[in-house]
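Please look over the sequence and the model, then follow the points below.

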Amino acid sequence: MSLDLFLLIIVVVTALAFDFTNGFHDTGNAMATSIASGALKPKAAVTLSACLNLLGAFLSTAVAATIAKGLVDAHLVSLELVFAGLVGGIVWNLLTWLLGIPSSSSHALIGGIVGAMIAAVGGHGVIWSGVVSKVLVPAVVATVIATLIASVGTWLVYRITRNVDEKHAEKVFQRGQIGSAALVSLAHGTNDAQKTMGVIFLALMSYGAVSTSATLPPLWVIVSCAIAMAAGTYTGGWRIIRTLGKGLVEIKPPQGMAAESAAAAVILLSSHFGYSLSTTQVATGSVLGSGVGKPGAQVRWGVAGRMVSAWLVTLPMAGGVGSGAYGLVHGIGGYPGIIVGVALLITATLAIWLRSRRARIDHHNVNAEWEGSLTGGLTDIDAHVPAPAQSPLVEQALRTAFEADPEVPQLTVITSDAPPAREVVRS
């Protein structure tokens with residue numbers, strides 16, 4: 001096997017790994033509000049989102065072309081450069097997932113590739129006009145628009161339904177949320193899955209397997225990226241779902257539907273025009289707008305501030321990782337350079353995953369009350385999990401009741417699996 005073919009295989013596998021992280025990192029964009037409001041059960045929500053992400057990936061390839069040709073000079077791209085850019089995107093995705101910060105996977109990927117390109121050939125290899133017009137401007141404009149639409153939509157919903165029984169209205173909006181959340185998932189597939197397609201498309205051009213004049217990636221690229229995105233979505237990015245659903249605003253069904261509808265409209269419009277939009281920023285802006293638009297709603301501006309800070313540093317931080325990865329892989333060179341790069345990526349991934357297990361968040365506790373931070377209160381909840389089977393709740397309750405008052409005759413409580421259990425409890 002030639003070095004170039006080996007590099008191509010590594011790049012394709014790494015790109016699909018990035019697509020997987022993009023899936024679970026961005027599940028919250030579509031489903032956080034539906035889960036928080038009770039419109040959908042957590043596992044049902046991520047399953048629905050995975051299916052619609054899969055479908056959405058086949059509906060548009062305009063964004064893939066933007067990534068492949070609109071941001072860096074395709075003639076200067078090497079496979080080492082693409083690999084290094086993917087490393088930057090994956091590492092930043094995992095770090096922000098660990099912290100529960102809904103940052104942009106799109107900007108992480110673009111930042112990684114731009115950083116690697118600068119390390120490889122300098123700034124002239126980057127199409128700066130494309131970065132500004134196709135990435136930076138849409139990110140700001142789309143987020144502001146989504147926030148405004150969600151804010152106005154939420155205000156109108158509460159205004160129109162002010163004389164309707166609250167419980168009845170919430171039940172109706174919960175049903176509506178299923179449709180709006182499904183639309184966001186579909187929209188997410190039309191935008192985010194395309195970015196990894198664009199990266200693999202870029203790698204195939206660099207290898208010579210696809211002409212630089214081609215306008216669409218091969219079918220196998222579209223299918224594999226769609227499946228990787230759907231698989232990542234199904235795992236559920238519970239940490240980010242928790243931040244969006246509980247940490248930013250306390251979501252009610254009317255707010256959730258307004259936020260999801262606003263996000264879906266903006267994402268679908270951007271996909272139509274081929275803008276590599278941050279669906280995370282749009283979804284977050286919509287959730288924020290739903291809090292601003294509801295009279296008396298509490299918006300946690302400190303959480304919002306941390307999110308914005310992460311957005312501002314995503315491009316340069318991912319670019320720094322991509323640049324460093326390129327310098328390492330290219331500096332060592334050949335098979336050893338790629339092997340070392342892959343080994344370090346796997347090591348970093350495992351370290352972040354193991355760190356996340358210290359305060360585990362999953363579909364069981366994702367809707368627990370927010371107590372000042374992502375994992376606030378979760379340790380206490382875990383510590384009071386119901387006792388194991390050999391110490392049933394009835395036994396615990398009896399023991400507590402009779403040990404609490406010394407004047408009450410003590411009982412000898414016998415567990416159900418003990419041999420004398422059938423002799424009944426004796427005092």
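Which residues are buried in H14? They are Gly-337, Ile-338, Gly-341, Leu-345, Ile-352 and Ser-356, where buried means under 20% relative accessible area, exposed means over 50%, and partly exposed lies in between (1.4 Å probe, protein chains only). The model is predicted, so local features need pLDDT of at least 70 and side-chain atom pairs count only at pLDDT 80 or more, while totals for chains, interfaces and linings use all residues. Residues are numbered from 1 along each chain as its sequence is written, and side-chain values use heavy atoms, with hydrogens and water left out.

**Overall make-up**

- The protein has 16 helices and zero strands; helices (H or I, at least four residues) and strands (E, at least two) are DSSP runs numbered from the N terminus.
- Of the 427 residues in the protein, 53% are buried.
- A contact is defined as heavy atoms within 4.5 Å. Among contacts between residues at least 6 apart in sequence, 84% join residues at least 24 apart.

**Helix H14 and its cover**

- H14 has 23 residues and reaches 34 Å from its first C-alpha to its last, close to the 33 Å expected at 1.5 Å a residue. The expected span is 1.5 Å times one less than the number of residues.
- The cover over the buried residues of H14 includes helix H1 (3-25), helix H5 (79-99), H10 and helix H13 (301-332).
- Ser-356 belongs to H14, which runs over residues 334-356, and has a relative accessible area of 1%, so this residue is buried.
- Not counting residues up to four places away in sequence, Ser-356 touches Trp-97, Leu-98 and Arg-239.

**Gly-237, between two helices**

- Gly-237 sits in the loop between helix H9 (219-235) and helix H10 (238-247). Its relative accessible area is 0%, which means that Gly-237 is buried.
- Apart from neighbours within four places in sequence, Gly-237 is in contact with Phe-24, Thr-27 and Trp-97.
- Gly-237 and Phe-24 are 213 residues apart in sequence, yet their C-alpha atoms are 4.4 Å apart in space.

- Helix H3 (residues 42-56) has 15 residues and should span 21 Å at 1.5 Å a residue; its end C-alpha atoms are 21 Å apart, which agrees.
- The buried residues of H3 are Pro-42, Ala-45, Val-46, Ser-49, Ala-50, Leu-52, Asn-53 and Gly-56. Their cover includes helix H2 (27-37), helix H8 (166-207), H9 and H10.
- An α-helix has 3.6 residues a turn, so residues three or four places apart point the same way.
- In helix H12 (residues 279-293), the end C-alpha atoms are 21 Å apart, in agreement with the 21 Å that its 15 residues should span. H12 is mostly covered, with 14 of its 15 residues buried.

**Salt bridges**

- The structure has two salt bridges, each defined as a side-chain nitrogen of Lys or Arg within 4 Å of a carboxyl oxygen of Asp or Glu.
- In one of them, Glu-369 pairs with Lys-246, the closest N and O atoms being 4.0 Å apart. This pair links distant parts of the chain, 123 residues apart: Glu-369 lies in the loop between H14 and helix H15 (378-383), and Lys-246 lies in helix H10.
- Glu-369 is exposed, with a relative accessible area of 52%, whereas Lys-246 is buried at 7% relative accessibility.
- Arg-360 forms a salt bridge with Asp-362, and their closest N and O atoms are 3.6 Å apart. Arg-360 is partly exposed at 46% relative accessible area, while Asp-362 is buried at 14%.

**Cysteines**

- The structure holds zero disulfides, a disulfide being a pair of cysteine sulfur atoms within 2.5 Å.
- Cys-51 is partly exposed, with a relative accessible area of 48%, while Cys-225 is buried at 0%.
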